[in-house]
Amino acid sequence: MRQRLVVGNWKMHGSRDSVHALLTDLVAAPAPGGVGVAVCPTYLHIHQALSLCAGSAVAVGAQDCSAQEEGAFTGEVAAAMLADAGCQWVIIGHSERRQYHAESDALVAAKLAAALGAGLQPILCVGETREQREAGDAQGVVAAQLKGALGELVSAPGLVVAYEPVWAIGTGLTATPGEAQSMHAFIRGELDGLAGLDGDTTRVLYGGSVKADNAGELFAQQDIDGALVGGASLKAADFQAIVNAAA
Ligand code: PGA
């Protein structure tokens, strides 16, 4: 049985006041059984988030980490620093990192290895662009991203995959439950044999314009184990409604 998981990716949003308000509401909400919940603030707000979430069911993660262990890498944050701060999760290979920071599959693989080496649980993001889907390449792109990230690893304990079609992120367009389900089933098949993973037991989240009103039908699909939520994770009531839909 795969435990459901709902993760908020706050991207480059937040202030001390808004983080305080959002997390005060979230930790006060009744935690539905059987659903893991995590939030990924900016690096700057991780400490505040950890202290507000202490003793609650809400875990904290980062949106990225360095592939390097430590050293002269200005502006970077090491996976071990995130683990030392108290983070449990780290998002790796988000399409905005791939797109705006030219993250290659090789860099994503190195970050994944760094995260695992530091004892963090990575959320590996994969997904095709609209052009790639229209050209019939969606599965090929996702398979290549999975192999590129996981192909050299012997094991990946605690790994979670997030399928996030790029055309659905922040656009209001969502993959239909059927489209998402079919890609999730495909991903499970691809995971078998990569990094010692078992496709049946690895959690695969959906991401891309998940909202309270579409979460239920997505979570009803047998291979969708939860969501990576961007825009709708910035309001406690909206995010909590998605968490409740996963219960
Ligand atoms: P969105 O973002 O929910 O705002 O589409 C999802 C993501 O990028 O993780």
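A crossing of two helices is left-handed if the near helix is turned anticlockwise from the far one by less than a right angle, and right-handed if it is turned clockwise. Helices (H or I, at least four residues) and strands (E, at least two) are DSSP runs, numbered from the N terminus. By this convention α1 passes α10 in a right-handed crossing. The structure is a predicted model, in which local features need pLDDT of at least 70, side-chain atom pairs count only at pLDDT 80 or more, and totals for chains, interfaces and linings use all residues. Residues are numbered from 1 along each chain as its sequence is written, and side-chain values use heavy atoms, with hydrogens and water left out.

Eight strands form a closed barrel in the order β1-β2-β3-β4-β5-β6-β7-β8, with parallel pairing; two strands pair if DSSP finds at least two bridges between them. On average, neighbouring strands of this sheet are turned by 30 degrees against each other, direction ignored. Strands of a sheet pair through backbone hydrogen bonds, either parallel or antiparallel.

Strand β4 (residues 89–92) shows the pairing in detail. Strand β3 (residues 58–62) pairs with β4 in the parallel sense over two bridges, and A62 stands opposite V90 in β4. Strand β5 (residues 121–126) also runs parallel to β4, joined by four bridges. In β5, Q121 is the bridge partner of W89. Both faces of β4 are covered: W89 and I91 on one side, and V90 and I92 on the other, are all buried. Buried means under 20% relative accessible area, exposed means over 50%, and partly exposed lies in between (1.4 Å probe, protein chains only).

Next come the helices, starting with α1 (residues 16–28) and α2 (residues 43–53). These two pack at an angle of about 30 degrees, with their axes 10 Å apart. That makes α1 roughly parallel to α2. Axes are lines fitted to C-alpha atoms, for helices over the stretch in contact, and angles run from 0 to 180 degrees between N-to-C directions. Angles under 35 degrees count as roughly parallel, over 145 as roughly antiparallel, 65 to 115 as roughly perpendicular and the rest as oblique. The crossing of α1 over α2 is right-handed. On the α1 side the contact (heavy atoms within 4.5 Å) is made by R16, V19, H20, L23, T24 and V27, and on the α2 side by H45, Q48, A49, L52 and C53. The residues of this contact of α1 with α2 divide into six nonpolar, four polar and one charged. Here Ala, Val, Leu, Ile, Met, Phe, Trp, Tyr, Cys and Pro count as nonpolar, Asp, Glu, Lys and Arg as charged, and the others, Gly among them, as polar.

Within α2, the residues H45, I46, Q48, A49, L50 and C53 are buried. What covers the buried residues of α2 includes α1, β3 and α3 (79–85). Just after α2, G55 takes a positive phi of about 80 degrees.

Helix α1 also meets helix α10 (residues 236–246). Their axes come within 9 Å and cross at roughly 35 degrees. L22, D25 and L26 of α1 touch A236, F239 and Q240 of α10. This contact of α1 with α10 has four nonpolar, one polar and one charged residues. T24, in helix α1, is partly exposed at 34% relative accessibility. T24 and A236 are 212 residues apart in sequence and 8.9 Å apart in space, C-alpha to C-alpha.

A further helix pair is α5 (residues 105–117) and α7 (residues 138–150), whose axes come within 7 Å and cross at roughly 50 degrees. The two helices are therefore oblique to each other, and α5 passes α7 in a right-handed crossing. D105, V108, A109 and L112 of α5 make the contact with A144, Q145, G148, A149 and L150 of α7. By class, the contact of α5 with α7 has six nonpolar, two polar and one charged residues.

Two loop residues remain. A195, in the loop between α8 (177–191) and β7 (203–207), has a phi near 50 degrees, a positive value in a residue other than glycine. A195 is buried, with a relative accessible area of 5%. S209, in the loop between β7 and α9 (212–219), has a positive phi near 55 degrees and is likewise a residue other than glycine. S209 is buried, with a relative accessible area of 9%.
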